[in-house]
Amino acid sequence: MSNGINFAFLDEYAKREIRRSVIKAICIPGYQVPYSSREMPMGRGFGTGGLQLTLALIGVTDTVKVIDQGSDDSVNAVNLRKFIEMTCPGIATTTRLQEATLIQSRHRIPEQALRADQILVLQVPYPDALVIVEPSEDKRKVMHGEADYSRLLVKLYEDIVKFDEITISHRYPTRINDHYIIDPSPIPRYDVPKLHNSKALILFGAGREKKIYAVPPHCPAEPLAFDDVPFRIEDFTDSRGERRACKLCGSQESFLDEFIDEQGERVYQCSDSDYCEQQQELAHG
Amino acid sequence: MIEMIWQAEFQQAAFRCVVEAFSRPGQISVLPECKHNAAIAVLATLVDSESSLADPHQQLDNSHWLRLQIKPTAPELAAFILCQGTLPVDFEPCQGTLASPELGATLVLMVAAMNGGDTTYQLTGPGIETAVHIAPQGLDISWFKQRSGWNGAFPLGVDMLLATEEGILALPRTTQIKEIN
Ligand SMILES: [Zn+2]
């Protein structure tokens with residue numbers, strides 16, 4: 001290439017190593033495949049794990065969408081998208097989910113269902129759900145292999161006894177294909193059921209922890225629950241028992257962000273800005 | 001001029017076909033056009049000096065090994081094993097360990113065709129919505145027999161990729177294979 005930068009930034013050895021790891025991640029659903037995460041020209045913690053996956057996958061026919069907490073316009077999303085555009089000449093970018101072939105996201109799975117011809121890449125800060133009960137990685141790896149999650153379950157149950165419900169709001173431990181339990185990244189509980197029997201392949205990249213894992217399409221993904229404490233998604237019902245609506249598009253079906261407006265009023269808005277805009281377009285013809 | 005399968009742009013497109021194949025076991029993915037058997041194109045895409053490859057049935061020639069920048073490894077130790085499907089199994093591949101199941105080998109099996117064979121198999125498992133059927137031609141019966149032993153204790157196991165002239169079909173260790181006639 002004329003500017004001396006390899007297409008998709010990574011050298012071909014780095015891409016092949018990530019590609020081999022991606023294949024094993026798909027073959028062993030939920031297992032964290034180690035890889036030698038490369039230095040990227042941005043700090044770890046800025047989605048470099050997800051970015052490396054995107055760069056190992058991307059080709060000139062792809063259309064990429066980058067979202068951060070549901071928004072295409074946040075600084076993080078803009079910086080990642082610019083980097084991809086700069087290093088992958090010929091690719092297209094979009095904010096519309098339906099146009100995208102590759103979607104890289106942090107903290108959300110898009111509101112609308114993914115298609116079989118799309119791949120979702122999620123950025124992961126902390127890949128191992130067992131880290132809260134076992135500090136040694138060697139021991140955690142054996143526990144994962146044996147699907148020995150008794151200590152994790154005890155820990156969760158203690159939470160329930162103390163708080164009357166599972167208090168985890170993000171990173172809800174989820175069992176994949178009846179074996180591995182994953183940290184599904186900091187998505188809200190609302191998004192966890194979307195992992196179950198997804199039409200699209202979902203890949204997880206943890207750059208700092210150097211791990212790649214996957215939930216293949218049509219694969220069981222069960223959030224941990226107990227007989228007496230079922231899994232519940234966030235409740236958006238108001239005091240009168242009505243589902244709250246987005247103040248911009250009026251949707252009563254989306255995941256809502258809550259904030260205080262200039263008048264000091266509590267207001268709600270779709271977290272997925274692309275979905276919200278499409279709902280507004282529909283309403284206004 | 002470097003042949004297409006050794007070029008980055010081909011390998012990216014081929015990799016996406018491999019991802020599609022492993023994501024949807026039993027479904028045939030057609031590789032981008034090249035002048036090589038799909039098995040060779042897949043190896044060009046995934047193998048380099050940081051990996052290992054066995055060729056127990058001598059399907060590769062010197063020029064392939066030069067391009068891959070590696071020397072052959074024994075099948076018992078290799079990450080990738082290229083196999084001629086018509087021959088019976090004559091090695092024991094790595095199945096990984098409980099702590100590192102990704103060390104289980106990837107077997108690339110050259111077959112004549114994905115369908116039209118005498119035996120039909122039903123596939124179920126992750127990546128398959130309900131069930132799919134395949135009837136490969138040019139695949140010795142010992143491969144699936146041995147596979148069920150190798151894959152008997154998940155997460156240990158081997159992952160298979162059947163390859164014809166232009167297409168591939170994956171059988172990750174999670175795929176259940178049942179003979180149905
Ligand atoms: Zn809205």
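Buried means under 20% relative accessible area, exposed over 50%, partly exposed in between (1.4 Å probe, protein chains only). Strands (E, at least two residues) and helices (H or I, at least four) are DSSP runs, numbered from the N terminus. In a regular strand the side chains alternate between the two faces of the sheet.

This is a predicted model: local features need pLDDT of at least 70, side-chain atom pairs count only at pLDDT 80 or more, and totals for chains, interfaces and linings use all residues. Residues are numbered from 1 along each chain as its sequence is written.

| β3(A), residues 92-93 | two | T63(A) and A92(A) |

The zinc ion is held by the SG atoms of C246(A), C249(A), C270(A) and C276(A) at 2.2 to 2.3 Å; donors are N, O and S atoms within 2.8 Å of the metal (3.2 Å for Na, K and Ca), and water is not among the atoms, so sites may look incomplete. The donor angles are 104 to 117 degrees, so the arrangement is tetrahedral (four donors, all angles between 85 and 135 degrees). C246(A) is buried at 4% relative accessible area, and C249(A) is buried at 17%.

Terms used:
Chains lettered and ligands numbered in written order. Heavy atoms only, no water. Tetrahedral: all angles 85-135°; square planar, octahedral: opposite > 155°, others 65-115°. Pairing = 2+ DSSP bridges.
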